[in-house]
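Biologist: I have a model open on my screen and would like to learn how to read it. Could you walk me through a few features?

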Amino acid sequence: MSQPVDGGVAQVVTDLVRGQRAAGHRVLLACPPGGRLAAGATAAGAEPLEWPARRSPGASVPAETARLRRLVRTAAPDLVHLHSAKAGLAGRLALRGRLPTVFQPHAWSFAAATGALATASTRWERYATRWATSVLCVSEQERLDGEAAGISAPFAVVPNGVDLGHHTPAERRAARLSLGLDLSDPLAVCVGRLCRQKGQDLLLACWPAVLRRVPNARLALVGGGPDAQALAAQARALPEPYRVQLAGEVLDPRPWLAAADLVVLPSRWEGMALAPLEAMAMARPVLVAEVPGAREQLPPEQRETGLIPVQDPAALTNALAEALSDPLECARRGAAAREWVAARHDVRTMVARVSDLYQKSISGGQSTPRVPARI
């Protein structure tokens, strides 16, 4: 079960579906219609179950929970995998531990909240952990943050992975020609949902200072989302708006990753973002905010240059300017990053480790013959 239906979560779910189907399991996916997930997971072999659920909690939760309860009763699965906070909320309320349940937060709900909502979210996570057979984190830092918040759970950690055959090093010149981009200007690319979490507003705010140091630099924001209009207005108000391009939602971001000298993601919170892994798999260096998962996904020798403090405009400006002023160093970092990701973040390894977790969750930790798994 999943809500959201786009971004990195949708890709992770689709990859898991594909891996489970390849292993011979039947997979059912409950998610809202629309977005990329339903179509992508169905193409990967999942049987879709329509679950109209809003992204945020609210008055719709009781009806969404009841709908999930009926879907699970009809499907009679061996195991349920709940992806992200909203599915984790409705799913655990619906199941209450009656079936083996894996909950994967993909970033804790309280990380995105402040004040009373953050307090309520933390209390909920502490309470609801009793209804999860396993809590699956995508980084050690995500697990540590959960423990620090007082969540006592049967944790497992499986880092995100990427398809190394799909994301391969590509020639920068050809990519830029295909996109109609200048062949020589230093280019920073941000791939991600246009929303507060991903921090594109921080990028635009510091961009004039970057241009004072690298006058011919360009920035591309690739993706769609709720903040698209606000970010477009912010870009138009810049002193040199033509040096920023909002590419919008694209079916395949790989040409943009290939065209980049540097891929940047100044997120305010994450579990382990997928876009930086995809960029590194294509031999592009990344600059990311030090949110959970970021340090672990970077090669150790690139953590000093590739990590910046969260919401630190001065550090973001300086790191962008330094990287974009040295394309040869960017290329060197990118090649090393590809080797790192290939060794540690292969999607096949992720799928195998999650499959092992399913079997342990179903068998209570004992070794048993494999049975059909259902998400």
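**Reading pockets, helix pairs and sheets**

Modeller: Let's start with a pocket: the lining of the second largest pocket is made up of six nonpolar, two polar and four charged residues. Here Ala, Val, Leu, Ile, Met, Phe, Trp, Tyr, Cys and Pro count as nonpolar, Asp, Glu, Lys and Arg as charged, and the others, Gly among them, as polar. This is a predicted model, where local features need pLDDT of at least 70 and side-chain atom pairs count only at pLDDT 80 or more, while totals for chains, interfaces and linings use all residues. Residues are numbered from 1 along each chain as its sequence is written, and side-chain values use heavy atoms, with hydrogens and water left out.

Biologist: How is a pocket found, and which residues line the second largest pocket?

Modeller: Rolling a probe the size of a water molecule over the atoms shows where empty space is left. On a 1 Å grid over the protein atoms alone, a pocket is an open set of points where a 1.4 Å probe fits, with protein on both sides within 12 Å along at least five of seven lines; lining residues have an atom within 4 Å of a point. The lining here consists of E304, T305, L307, I308, A315, N318, A319, E322, A323, E329, C330 and R333.

Biologist: Which helix gives the most to that lining?

Modeller: Helix 14 does, with five residues. Helix 13 (303-306), strand 12, helix 14 (313-324) and helix 15 (327-344) each supply at least two. Helices (H or I, at least four residues) and strands (E, at least two) are DSSP runs, numbered from the N terminus.

Biologist: How do I read a helix pair, say helix 3 and helix 4?

Modeller: Two packed helices are described by the angle between their axes and the distance between the axes. For helix 3 (residues 61-75) and helix 4 (residues 84-95), the axes come within 8 Å and cross at roughly 65 degrees. Axes are lines fitted to C-alpha atoms, for helices over the stretch in contact, and angles run from 0 to 180 degrees between N-to-C directions. Contact means heavy atoms within 4.5 Å. Among the contact residues are L68 and V72 of helix 3 and L89 and L93 of helix 4. Eight nonpolar, two polar and three charged residues make up this contact.

Biologist: And the sheets: what is the strand order in the open sheet of six strands?

Modeller: Two strands pair if DSSP finds at least two bridges between them. The order is 9-8-7-10-11-12, with parallel pairing. Strand 9 (244-248) and strand 12 (307-308) are at the edges with a single partner strand each, so one side of each is left without a neighbour in the sheet. Strand 8 (residues 218-222) pairs with strand 9 over four bridges, and V222 has G248 as its bridge partner.

Biologist: Which strands are at the edges of the four-stranded sheet?

Modeller: That open sheet has the order 3-4-5-6, again with parallel pairing. Its edge strands are strand 3 (80-83) and strand 6 (155-157).
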